[in-house]
Amino acid sequence: MFHGFLGLLNGLLFQETTLALAGMVVALFYAFIDRWLYVRDKVQQSTKMFFLFPVLACSLLWGYFQIISEPLPPFSTEEAVEFATAGNGTVTDVFPKKVGKWEEMIDGYHVERETSSKEIGKEKYIITFTEKWNKGKEKGSWFFSYEVERGSLTANGGEGAYPPYYK
């Protein structure tokens with residue numbers, strides 16, 4: 001009874017009835033298990049199965065879900081570049097969204113932007129963004145790169161100065 005009250009108390013403090021009822025039920029379940037283990041220990045019966053059951057159940061469920069789940073398709077260079085250039089309002093917005101080069105005149109500067117990819121491991125890529133510009137004798141370049149895995153983007157480094165036409 002005391003276990004149920006303590007389980008109910010958590011939900012009452014946060015004024016959430018579904019949490020209160022769930023807390024009470026779980027607390028009573030824990031009390032039942034605790035009493036059952038106490039009685040089994042008193043009559044000197046083994047409790048090994050009680051500790052083995054959760055491990056066995058989790059292992060069986062894990063194996064079942066591994067078998068029924070479809071494997072993920074390979075993570076390609078194209079997907080890595082798409083993931084690296086997906087940010088809206090970031091510096092990658094001006095670079096090609098696919099591996100390749102792009103050239104244009106900006107404020108009198110001849111600008112060349114390139115997106116490149118290099119596989120460094122299984123489904124792991126370095127995506128590099130390079131920008132070169134020149135206007136007469138004034139030249140410059142800069143680059144930055146990301147290490148990309150499925151669902152993960154990590155800054156890898158960069159070097160150079162921002163172009164003078166960036167405001």
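User: What is the bridge partner of Ser-117 in E3?
Analyst: Ile-127 is the bridge partner of Ser-117 there. Keep in mind that this is a predicted model.

User: Over how many bridges do E2 and E3 pair?
Analyst: Strand E2, residues 109-121, and strand E3, residues 124-135, pair over 11 bridges. The sense is antiparallel. Glu-114 also stands opposite a residue of E3, namely Thr-130.

User: And the hairpin of E2 and E3, which residue takes a positive phi?
Analyst: Glu-123, with phi near 55 degrees. That hairpin has 2 residues between the strands.

User: What about the hairpin of E1 and E2?
Analyst: There are 2 residues between the strands there. Asp-107 takes the positive phi, near 50 degrees. E1 and E2 pair in the antiparallel sense over 7 bridges. Met-105 stands opposite His-110 in E2.

User: Zoom out. What is the strand order in the sheet?
Analyst: E1-E2-E3-E4-E5, in an open sheet of 5 strands. The pairing is antiparallel.

User: Why is one side of E1 and of E5 left without a neighbour in the sheet?
Analyst: Strand E1 (100-106) and strand E5 (152-160) stand at the edges. Each has a single partner strand, so one side of each has no neighbour in the sheet.

User: What's the twist?
Analyst: From one strand to the next, the twist averages 15 degrees.

User: Okay, helices. Which strands does H4 touch?
Analyst: Helix H4, residues 77-84, packs on the sheet and touches E2, E3, strand E4 (138-149) and E5. The direction of H4 makes about 60 degrees with that of E3.

User: Which residues of H4 are buried?
Analyst: Ala-80, Val-81 and Ala-84. They cover an arc of only 95 degrees around the axis, so they lie on the same side of H4.

User: What do the buried residues pack against?
Analyst: The buried residues of H4 pack against E2, E3, E4 and E5.

User: And which exposed residues does the face turned away from the buried side carry?
Analyst: Glu-78 and Glu-82 are the exposed residues on that face of H4.

How values were computed: Residues are numbered from 1 along each chain as its sequence is written. This is a predicted model: local features need pLDDT of at least 70, side-chain atom pairs count only at pLDDT 80 or more; totals for chains, interfaces and linings use all residues. Side-chain values use heavy atoms; hydrogens and water are left out. Two strands pair if DSSP finds at least two bridges between them. Helices (H or I, at least four residues) and strands (E, at least two) are DSSP runs, numbered from the N terminus. Axes are lines fitted to C-alpha atoms, for helices over the stretch in contact, and angles run from 0 to 180 degrees between N-to-C directions. Contact means heavy atoms within 4.5 Å. Buried means under 20% relative accessible area, exposed over 50%, partly exposed in between (1.4 Å probe, protein chains only). The arc is that of the directions from the helix axis to the C-beta atoms.
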